[in-house]
Amino acid sequence: MASLTLYGYCLSSCSARLRIALDLKAIDYKPIYVNLNNGDNLRDEYSARNPSRSVPTLMVDDSWCIPQSMAALEYLEEAYPKSTPLLPKDAKSRADVRTLTYIITIDTQPLTNDTPTEHAESSGADPKEWLKFFTERGLKAFETVVSRTAGRYCCGDIITLADVCLVPALWNAEKNGVAVESFPTISRVYAALKDHPSFEKSHWRNQPDCPKELR
């Protein structure tokens, strides 16, 4: 299997999903840091790899890459079958995992990234209230589902893609002033995951590209 290259950014929750999954699966990769604040993602060389000009991008070989985090996570499941699985074996549990991941990756995170937040601010909205509202809305939906599926983790007692997507969203929620403890099942799962080596290693504060003032 060819070595992988991960283009990411320390503060990107989407990048963190890939960092966590790759570490859980013990898959080696080369990190390349894309500083969104400096506009690295807008440069032609990067845009050719990722037309959305977003992070992460998982480079599989010199001619093929995956420019969306969920597609990259699914690829890792299929291309590395001997690595630690992050999807359950049965179809019902897999659907539960995907439901939870989509609440984060489709319903919540896209509304809280820089582009919609900046547009909301330019239209007169308070960006902090915007971030808090959509984060809390997403976590309420997640809490309703996860209260039915959780064991030690989001879906039973094995770490899945639902956990991989949830924890970076909670890092952002904490930065945005959301009271994570008001969601009891989420809080319990978070307590079981936040100090796990793969999650701790992948935290934005522990990335080489994290600015010193944020560490």
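Colleague: Let's start with the largest cavity: how many residues line it, and which lie nearest its centre?

Modeller: In this predicted model, 14 residues line the largest cavity, and Thr108, Gln109, Thr112, Ala169 and Asn172 lie nearest its centre. Two or more lining residues come from each of helix 1 (13-24), helix 4 (91-112), helix 6 (127-149) and helix 7. Helix 7 gives the largest share of the lining, 5 residues.

Colleague: What makes this space a cavity and not a pocket?

Modeller: A 1.4 Å probe fits inside a cavity but cannot get out, whereas a pocket is open. Rolling a probe the size of a water molecule over the atoms shows where empty space is left. The volume of the largest cavity comes to about 110 Å³.

Colleague: Which residues line the second largest cavity?

Modeller: Its lining is made of Cys10, Leu11, Ser12, Ser13, Ala16, Arg19, Pro168, Trp171, Asn172 and Trp204. Helix 1 and helix 7 are the elements that give two or more residues to this lining. The second largest cavity has a volume of about 40 Å³, and its lining divides into 6 nonpolar, 3 polar and 1 charged. Domain 1 (4-84) and domain 2 (91-199) each supply at least three of the lining residues.

Colleague: Now the nonpolar core. Which residues have the most contacts inside the largest one?

Modeller: They are Leu76, Phe142, Leu166 and Ile186, in a core of 61 residues. Helix 7 (residues 161-175) gives the most to this core, with 10 residues. Both domain 1 (4-84) and domain 2 (91-199) contribute, so the core lies between them.

Colleague: How do you know which residues Leu166 is in contact with?

Modeller: Heavy atoms within 4.5 Å count as a contact. Leaving aside its neighbours within four places in sequence, Leu166 has contacts with Ile104, Leu139, Phe142, Cys154, Ile186 and Val189.

Colleague: Why is helix 3 called mostly covered?

Modeller: A residue is buried when its relative accessible area is under 20%. In helix 3 (residues 69-79), 9 of the 11 residues are buried, and Leu76 is one of them.

Definitions and conventions
Residues numbered from 1 in each chain as written. Predicted model: local features only at pLDDT ≥ 70, side-chain atom pairs only at ≥ 80, totals over all residues. Heavy atoms only, no water. Core = buried A, V, L, I, M, F, W, Y, C linked by side-chain atoms within 4.5 Å. Buried < 20%, exposed > 50% of the residue type's maximum accessible area, 1.4 Å probe, protein only. Helix = DSSP H or I, 4+ residues; strand = E, 2+ residues; numbered from the N terminus. Domains from an automatic or database assignment. 1 Å grid on protein atoms, 1.4 Å probe; cavity = no way out; pocket = protein on both sides within 12 Å on 5 of 7 lines; lining within 4 Å. Points joined across faces, edges and corners; volume = space filled by probe spheres on them. Nonpolar A, V, L, I, M, F, W, Y, C, P; charged D, E, K, R; others polar.
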